[in-house]
Amino acid sequence: MNSNIAGFSKLTKEEKVQWIAQTYFANPDTALDTIKQYWNSNQKLQQLHDEFIENTITNFYLPMGIAPNFLINDRYYSVPMVIEESSVVAAAAKSAKYWSTRGGFKTKVLSSEKIGQVHFKYTGNSNTLHSFFQSIKSQLYSATESITKNMQKRGGGILDIQLVDKTHELKGYYQLHVTFETKDSMGANFINSCLEQLGKTLKEAAWYYDSFSEDEKEIQIIMCILSNYVPNCLVRASVSCPVSDLAEKKIENPVLFAEKFVQAVQIAAVEPYRAVTHNKGIMNGIDAVVLASGNDFRAVEAGAHAYAARNGKYTSLSHAYIEHDVFHFSLEIPLALGTVGGLTSLHPMVKMALEILGKPSAHELMEIVAATGLAQNFAALRSLTTTGIQEGHMKMHLNNILNQHQATHAERQAVAAFFENHTVTHASVIELLENLRK
Ligand code: MEV
């Protein structure tokens, strides 16, 4: 088998699929059938998806679910979530409903500043560079005017440009640290275009700066790129209620529940091994809405975890305490999101998701996403500190096991009845199926 190929991207889609099937599968016809089964019969729609990336061979489905009854700032939302993990949407929906009768989620965008940097090398006198920077600062703004014009009309643009000396960390390393307001767009293309122009202008202007020596005129632009670390693009979501109101079917002793819950959050605050899993639970909710709304979940993930480690130790993104018999639970997370541009106007399901959310502004979407993250965290901690996580998780996973073993309708009914009062484990489901099939 030769699995090396030149010019794969130049092949037609059919040729690509043929090559994959012939090269990697003992039965190429079955592989072809499987790949093509996921092609959309609507050619226009398929072409749209084909062109999102290079070398598309097929579509990869993920389910889109709805977590209804999210009461956020006194308004109800049905939250679309795209995720493969079986228990996530159920958990979000359960939390949403629970908090809807306890005052709902309160959210607030604390700041919405984005960041980008021009990283460059300059080995001359630092004071001369600072004087040069001051002398060209207005030129830097005017050089980007054609790019920022439209954004300025929407109330955004470049907020500030700073020269930062990083030579104590790396010889000759300086940067332009640039802050942006991008309103309803995530702004990645806008920011990167501005930065590349700033880099060009900086380099060119250096040639005409008389106080530079010939060597100093040689500013070397290393790269111009936005930062996914956006600690000043921050949103807060919180819930609170009297401890006694926490009671429900599985929370018979609300005081004990609240204390254990707070302790669980405090453990995540001090113990990084726990904090990573704790925050992963938050990201279950965050990523699912970020994906459904056509935003960049890798950017959000990278920024969230960097924020969790901002003080030099990785810690919990959420906080909980009890004060005067009132339970408080909150989350602060940086979220660089957009509701215009990018996939938001291209992907039909993203457009639908945004419509279900009532066509939110970027700020509103930040708030919805943060509330979902907090709801997810609440659901996980509630299970962990009461019944344990496996009960709910395995109940949801039961379907996957049954599907995997092609259970019939009758078998499903028998299995469901049996597990009404038995603990679901993978082995016990298989054993039961085997017994039913004897
Ligand atoms: C599983 O996807 C997420 C949890 O592990 C989160 C947590 O432990 O807090 C349940």
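User: How far is the oxygen atom of the ligand from an N or O atom in the side chain of asparagine 284?
Analyst: In this predicted model, that separation is 2.9 Å, and a polar contact is a pair of N or O atoms within 3.5 Å. Local features need pLDDT of at least 70, side-chain atom pairs count only at pLDDT 80 or more, and totals for chains, interfaces and linings use all residues. Residues are numbered from 1 along each chain as its sequence is written, and side-chain values use heavy atoms, with hydrogens and water left out.

User: And what are the values for glutamate 85 and arginine 274?
Analyst: An oxygen atom of the ligand lies 2.6 Å from a side-chain N or O atom of glutamate 85, and for arginine 274 the corresponding value is 2.7 Å.

User: Which residues are around the ligand?
Analyst: Counting residues with a heavy atom within 4 Å of the ligand, they are Glu85, Arg274, Thr277, His278, Lys280, Gly281, Asn284, Ala380, Leu384 and Ile389.

User: Which element gives the most to that shell?
Analyst: That is α9, with six residues; helices here are DSSP runs (H or I, at least four residues), numbered from the N terminus.

User: Switching topic, how is the protein divided into domains?
Analyst: By an automatic or database domain assignment, there is domain 1 (8–50), domain 2 (64–111 + 234–387), domain 3 (114–226) and domain 4 (392–436).

User: What separates the centres of domain 1 and domain 2?
Analyst: Taken over C-alpha atoms, the centres of domain 1 and domain 2 are 38 Å apart.

Conventions
Polar contact = N/O pair within 3.5 Å; in protein donor to acceptor, adjacent residues only side chain to side chain. Helix = DSSP H or I, 4+ residues; strand = E, 2+ residues; numbered from the N terminus.
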